[in-house]
Amino acid sequence: MDTTKTPAPNAAEADTTPVALEKTETTQPAEAAADFAVTDEVTDADLDDEALAEDEAEDREPSHVGSAAFAIVAAGLGVVALSGSWVAGIVSERASIAARLELTQAADANAQIAAQFVDPWHTTAMVNGIFSALALIVATFVLALPAFSSPERTLPTWVRSVSWAGIGLGALGILLFVLMYFDLLLAIPKAAGAGA
């Protein structure tokens, strides 16, 4: 009797097949894990870059270019209102010419004074008053602007200073307009003996 055992025909296949499966199973998850790790790294890096960009945008100070420009314009309008402008000069000359054209040959001295002095004076005061009012409105708008935006937004110190200067110059210009237009600053000259 033969006591040696012959291996079953399926035994060799059973031994080799699991080895092949193990190799296949270990290779595929390793590649998949590597791909997943690379994908995770790229995704995390992208997210970190986006979060950093958002943080930088939030930390960045808001631009105050518009407010600064309007503050400078307000101060400039206030200076023009106090020193006079070519617009006031042209309008004053026009008022003087129009008043002289209405005079007759028999007009008395007071009418001639009014035509040559008072009407242009009042017209100049009116134009300067308009410039002063514009300076006051623009400067007040610049100072009030942060109240209508985010509460933590504040204007730079120099912008606020220039705006306050515009308010001061505008208020002074309006005061001078009232004094000039209603002849409170200087009395209207009168001709001696005219109307007697």
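Q: Is L185 buried, partly exposed or exposed?
A: This is a predicted model, where local features need pLDDT of at least 70, side-chain atom pairs count only at pLDDT 80 or more, and totals for chains, interfaces and linings use all residues. Residues are numbered from 1 along each chain as its sequence is written, and side-chain values use heavy atoms, with hydrogens and water left out. L185 sits in the segment after α5. Its relative accessible area is 41%, and the class between buried (under 20%) and exposed (over 50%), with a 1.4 Å probe and protein chains only, is partly exposed.

Q: Which helix gives the most to the nonpolar patch?
A: L185 belongs to a nonpolar surface patch of about 490 Å², together with L82, L172, L175, L176 and L186. Nonpolar side chains are joined within 5 Å, like charges within 9 Å. Three residues come from the top contributor, residues 157-181, helix α5.

Q: What arc do the buried residues of α3 cover?
A: A88, S92, A95, S96 and A99 are buried in α3. They lie on the same side of the helix, because their arc around the axis is only 100°.

Q: Which residues are exposed on the other side of α3?
A: L101 is found in helix α3. Its relative accessible area is 69%, so L101 is exposed. The exposed residues on that other side are W86, R94 and L101.

Q: Which residues does T123 touch, leaving out those up to four places away in sequence?
A: T123 lies in helix α4, and α4 (109-144) is part of what covers the buried residues of α3. At 19% relative accessibility, T123 counts as buried. Contact means heavy atoms within 4.5 Å. The residues touched are V91, S92 and A95.

Q: Is S67 buried or exposed?
A: S67 lies in helix α2 (residues 65-83). Beyond four places in sequence, S67 touches V142, L145, R153, L155 and V159. Its relative accessible area is 5%, so S67 is buried.

Note on methods:
Helices (H or I, at least four residues) and strands (E, at least two) are DSSP runs, numbered from the N terminus. The arc is that of the directions from the helix axis to the C-beta atoms. Patches are made of residues with over 30% relative accessible area and no salt bridge: like charges are joined within 9 Å, nonpolar side chains (Val, Leu, Ile, Met, Phe, Trp, Tyr) within 5 Å. Accessible areas come from the Shrake-Rupley method with a 1.4 Å probe; for residues, only the protein chains shown count as cover. A salt bridge is a side-chain nitrogen of Lys or Arg within 4 Å of a carboxyl oxygen of Asp or Glu.
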